[in-house]
Amino acid sequence: MLIINCPLCGPRDHAEFTYVGDATKNRPENGDSSNDHAWYDFVYLRDNPKGLHEELWQHSFGCRCFVKVLRNTLTHEIIATGMPKDNLILKEKGLELSV
Amino acid sequence: MAKYSIFNIIKNAFNEDKNWARAWRDPEPKKSYDVIIIGAGGHGLASAFYLAKNHGIRNIAVLEKGYLGGGNTGRNTTIVRSNYMLDENAHFYEKSLQLWEQLSSELNYNVMFSQRGVLNLAHTDSQIDAITRRGNTMRLNGIDAELLDEKQIRKLMPYLDFSNDVRFPIKGGLLQRRGGTARHDAVAWGLARAADSLGVDIIQNCEVIGFEETGNKITVVKTSRGNFNCGKVGFAVAGNTGHLASLINLKLPIESHVLQAFVSEPLKPMIDHVVTFGAGHFYISQSDKGGLVFGGDIDMYNSYAQKGNLPLIEEVVTAGLAMIPSLSRLRITRHWGGVMDMSMDGSPIIGKSPIDNLYLNCGWCYGGFKATPGSGWVFAHTIANDEPHRLNKGLNLERFKKGRMVDERGAGPFPNRH
């Protein structure tokens, strides 16, 4: 069981959340169809790291906010949570994961 | 390598089975190989076997970070079928099923392939329409499929819940009689023994830690047991594909997710087929030892951990009970997790990569086990000829760039929904 610390509701069971996915992907500018590679990268390509992963979860059975989570994909340990605009990696600077 | 036969068994029985030779060597690695396959699971070993057998390439190493068959080959629910609708998948999986049908004699090793039939249940009129369409497409492709109504299913599988006042009543099902199960460990062992006898070096406890590149080619594979020069490199590492690709700065349309599977305490024969629930994600069969082997959805979030979470177990079992209420008094004796390489369209990627001498065999999602011999067959062809076989032409990496998805479920580019 993962306990996700929702910035609005506090620590909650992960069954209340819906997994959204990789939080590092940025949508290309609206209407920008000139850069196919940017869209390919946004829609399909993933870093898929073994270790620290910045991801989004939606608190579907709570406040319905999107929550950013910094989690270790090898141990499932949740290192930090915040709002989607927060930069969790910076917050946890100095943290290196050895695989 | 001594051929296994009934005479061999009788002869060795007189010596209390003390004189059996080991099934494959444990060789010291050489400095250089024509082809290095990374990952000694079913797919890696099958690729090496067919490279040696069909294409005459003998200087091959299969590198394995743990022990052979210790990854997803030993962690699945052993289901084999070819009931796909889209052309790219249908012909490939059908070839694989045909290879399964002769695999035991080809390897001189009993992989216990049992064609007990795979039934997909349908619970609504629209699901009946969908399986009818899929079944018709399969038959047009020369693959066996039978549409069963509720009465016919009741006869085959009396233990299912046929009451009409349930949320998901059984309306019919699509049966592929040639589908079934195989003994997963035997597949790894049989392929290892056969590949080894053709001169393939299987090197265990040998983790790949990096690559050296010259131009657009991999020249050296660095491992925990030394560096090897290589002609060509093939990835067959399932859930670890993303990690291995990151060592050469390659990004792929793949996410790793954990999938759990379960075995119950052993029972007398009860479930004679493989049955899948149509209203949730649940599939079940009975092993030769009597345990019910079943599984459901992945845990839904990225993971490289070979362990899962309790809420998902509850979800899987809920679906199971809706289908077979009598499971409620059973105890689960074992459960495990494997790391799935979930691709963005739910279909595998098997073919060339952006690097000249690197070949990819990944993106198997839930379905890698049934593809084992077929995957080895086409992957060996692709490596030997530097060109895909006609059966894996459509399963290339470029399809994502062009938006030409092979999306059997129509779920879109969300790896955890396939």
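1. Helices, of at least four residues, and strands, of at least two, are taken here as DSSP runs numbered from the N terminus. On that basis chain A contains 2 helices and 6 strands. The structure under review is a predicted model, and the points below should be read accordingly.

2. Chain A. Starting at the N terminus, the elements of this chain follow the order β-β-β-α-β-β-β-α. The C-alpha trace of chain A extends over about 45 × 35 × 20 Å along its principal axes. Of the 99 residues in chain A, 19% are buried. When contacts between residues at least 6 apart in sequence are considered, 48% of those in chain A link residues at least 24 apart.

3. Chain B, overall form. Chain B has 10 helices and 18 strands. Along the principal axes, its C-alpha atoms occupy a box of roughly 65 × 65 × 40 Å. The radius of gyration of chain B is 22 Å, in agreement with the value near 22 Å for a compact globule of 418 residues. Buried residues amount to 51% of the 418 in chain B. Of the contacts in chain B with a separation of 6 or more, 74% are between residues 24 or more positions apart.

4. The contact between the chains. Chain B contributes 22 residues and chain A contributes 17 residues. On the side of chain B that touches chain A, the elements giving two or more residues are helix H7 (241-246), strand S12 (254-266), strand S15 (291-302), helix H8 (310-323) and helix H10 (398-402). By residue class, this side of chain B comprises 12 nonpolar, 7 polar and 3 charged residues.

5. Helices H2 and H6 of chain B. The axes of H2(B) and helix H6 (residues 184-197) of chain B approach within 9 Å and cross at roughly 30°. Because angles under 35 degrees count as roughly parallel, H2(B) is described as roughly parallel to H6(B). The crossing of H2(B) past H6(B) is left-handed. From H2(B), the residues involved are Gly42(B), Leu45(B), Ala46(B), Ala48(B), Phe49(B) and Ala52(B); they meet Val187(B), Ala188(B), Leu191(B), Ala192(B), Ala194(B) and Ala195(B) in H6(B). This contact of H2(B) with H6(B) consists of 11 nonpolar residues, 1 polar residue and no charged residues.

6. Helices H2 and H9 of chain B. H2(B) also packs with H9(B), at an angle of about 55° and with the axes 7 Å apart. The two helices H2(B) and H9(B) are therefore oblique to each other. Their crossing, H2(B) with H9(B), is right-handed. Residues of H2(B) in this contact include His43(B), Ser47(B), Phe49(B), Tyr50(B) and Asn54(B), while those of H9(B) include Pro373(B), Gly376(B), Trp377(B), Phe379(B) and Ile383(B). The contact of H2(B) with H9(B) divides into 10 nonpolar and 8 polar residues, with no charged residues.

7. Helices H3 and H9 of chain B. Helix H3 (residues 87-107) and helix H9 (residues 372-385) of chain B have axes that come within 7 Å and cross at roughly 110°. Hence H3(B) is roughly perpendicular to H9(B). H3(B) passes H9(B) with a right-handed crossing. In H3(B), Phe92(B), Tyr93(B), Lys95(B), Ser96(B), Leu99(B), Trp100(B) and Leu103(B) meet Pro373(B), Gly374(B), Trp377(B) and Val378(B) of H9(B). By class, the contact of H3(B) with H9(B) has 8 nonpolar residues, 2 polar and 1 charged.

8. Phe49(B). This residue belongs to helix H2 (residues 42-55) of chain B. Phe49(B) counts as buried because it has 28 C-beta neighbours inside 10 Å, where 20 or more are required. Leaving aside residues up to four places away in sequence, Phe49(B) touches Leu191(B), Ala194(B), Ala195(B) and Gly376(B). Phe49(B) is listed in the contact of H2(B) with H6(B) and also in the contact of H2(B) with H9(B).

Conventions
Residues are numbered from 1 along each chain as its sequence is written. Chains are lettered from A and ligands numbered from 1 in the order in which they are written. This is a predicted model: local features need pLDDT of at least 70, side-chain atom pairs count only at pLDDT 80 or more; totals for chains, interfaces and linings use all residues. Two residues are in contact if their C-beta atoms, placed from the backbone, lie within 7 Å. Ala, Val, Leu, Ile, Met, Phe, Trp, Tyr, Cys and Pro count as nonpolar, Asp, Glu, Lys and Arg as charged, and the others, Gly among them, as polar. The radius of gyration is taken over C-alpha atoms; the globule rule is 2.2 Å times the number of residues to the power 0.38. A residue is buried if 20 or more other C-beta atoms lie within 10 Å of its own, exposed if 12 or fewer, and partly exposed in between; C-beta atoms are placed from the backbone. Axes are lines fitted to C-alpha atoms, for helices over the stretch in contact, and angles run from 0 to 180 degrees between N-to-C directions. Angles under 35 degrees count as roughly parallel, over 145 as roughly antiparallel, 65 to 115 as roughly perpendicular and the rest as oblique. A crossing is left-handed if the near helix is turned anticlockwise from the far one by less than a right angle, and right-handed if clockwise.
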